[in-house]
Structures are given as C-alpha cells and as structure tokens.
Amino acid sequence: MSLNRRAVALTAAAITLGGTGLAQVASATPGNSWAAPATKALTLHNVKLLGKPVASRTLHISLALAPRDATAVTDAVKATYTEGSGSYHHFITPAQWRARFAPTAASVAKVTSYLEHEGFTHISVAGNRLLVTGDATVSRVEHAFHTSLVTGLIHGVTRITNATPALVP
C-alpha cells in the first residue's frame with residue numbers, strides 16, 4: 001500500500017470523538033467550542049523530521065469514535081466472560097451491539113457532514129459506527145482539524161503525523 005493510502009498517523013487513527021459526535025458544526029470556530037480529542041501531537045524523540053508534506057497530497061485518514069457508554073461496554077464484556085453471570089457466554093449480535101453501544105446514527109451523521117463540508121471525499125463508516133474514514137489533501141486535513149502536519153522518519157518508516165494537537169468542533 002502506498003504511503004498516501006495508509007491511514008495517516010494524524011495520530012488520527014486515534015481522533016476519538018465523544019458520543020455526541022461533532023456538535024455545532026456550522027457555528028464552530030477555533031475560539032469557540034473546539035476541543036482536543038484523545039489524539040496527541042507527535043513527540044519528537046526518535047523521530048527524524050523530514051519537513052512539511054506537500055499541501056496537495058491526498059491522505060486517507062481514520063477517525064475513531066467513542067462508544068456511547070464505554071463503562072457499559074466493559075461491564076457487558078465482563079459479564080459475558082464471568083461464570084455465574086446471567087450473560088455468561090451469551091454473545092450479542094452486531095445489530096444488538098450497535099443498538100446498545102455504538103455512536104448514534106445522528107452523531108455519525110454530524111461527523112460525516114463535517115468531513116464533507118471540509119472537502120473530504122470517499123467518506124465511509126464502519127458497520128459498528130466506531131470508525132469513519134475519508135480522503136482529503138494535507139491542507140484540508142490541517143484546516144479541518146486545526147493542526148499542522150509534518151513528515152517524519154519514525155522507527156525507519158516515513159509517516160505523516162500532526163505536529164500540533166488536532167482539534168474538533
């Protein structure tokens with residue numbers, strides 16, 4: 001897989017958005033209601049910076065959304081594997097999981113709408129609604145997440161990652 005088709009490290013495979021998704025997409029500005037998600041900027045030890053990526057380069061990024069109730073997910077998994085539990089070895093279907101724990105369809109729609117508004121293409125949502133992927137140029141990714149991207153050699157592999165924390169509305 002070529003570098004531009006890899007899931008960008010924007011540590012973005014880890015942009016974790018809360019259960020409500022992207023709130024107030026239309027009215028959001030960097031000074032009002034923008035928040036730092038779980039992603040962190042690149043730490044610079046053991047990294048050789050190679051410079052800024054070309055602004056017109058297309059990247060494929062992934063955004064991980066948080067389940068609606070992480071504590072309930074943990075409790076359900078524990079109950080499924082705890083002997084004596086009423087749920088012991090009673091596995092739920094993917095549809096049951098989506099109904100109980102997945103981000104709501106409305107939350108996912110806010111995320112995909114925001115990405116479309118920011119010029120992302122090929123937007124896709126995983127069946128469990130925990131992962132949203134899309135393609136955009138470096139400049140669109142930087143604008144959408146109010147971050148700065150850099151190219152670096154990380155453990156011998158060339159990666160594009162964010163040098164400043166990513167922000168989401």
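In strand β7 of this predicted model, R159 is the bridge partner of G152, and N162 is the bridge partner of L149. Strands here are DSSP runs of E with at least two residues, numbered from the N terminus, and two strands are said to pair if DSSP finds at least two bridges between them. By that criterion β6 and strand β7 (residues 157-162) pair in the antiparallel sense over 6 bridges, while strand β2 (residues 47-51) is joined to β6, also antiparallel, by 4 bridges.

| Residue | Bridge partner | Strand of the partner |
|---|---|---|
| G51 | T151 | β6 |
| G152 | R159 | β7 |
| L149 | N162 | β7 |

The hairpin of β6 and β7 has 2 residues between the strands, and in this hairpin H155 takes a positive phi near 50°.

Taken together, 3 strands form an open sheet with antiparallel pairing, in the order β2-β6-β7. Because β2 and β7 stand at the edges, each with a single partner strand, one side of each is left without a neighbour in the sheet. Neighbouring strands of this sheet are turned by 40° against each other on average, direction ignored, where the axes are lines fitted to C-alpha atoms and angles between N-to-C directions run from 0 to 180 degrees.

Strand β6 (residues 149-154) is mostly covered, with 5 of its 6 residues buried, that is, under 20% relative accessible area with a 1.4 Å probe and protein chains only.

Residues are numbered from 1 along each chain as its sequence is written. Because the model is predicted, local features need pLDDT of at least 70.

Methods. Predicted model: local features only at pLDDT ≥ 70, side-chain atom pairs only at ≥ 80, totals over all residues. Heavy atoms only, no water. Buried < 20%, exposed > 50% of the residue type's maximum accessible area, 1.4 Å probe, protein only.
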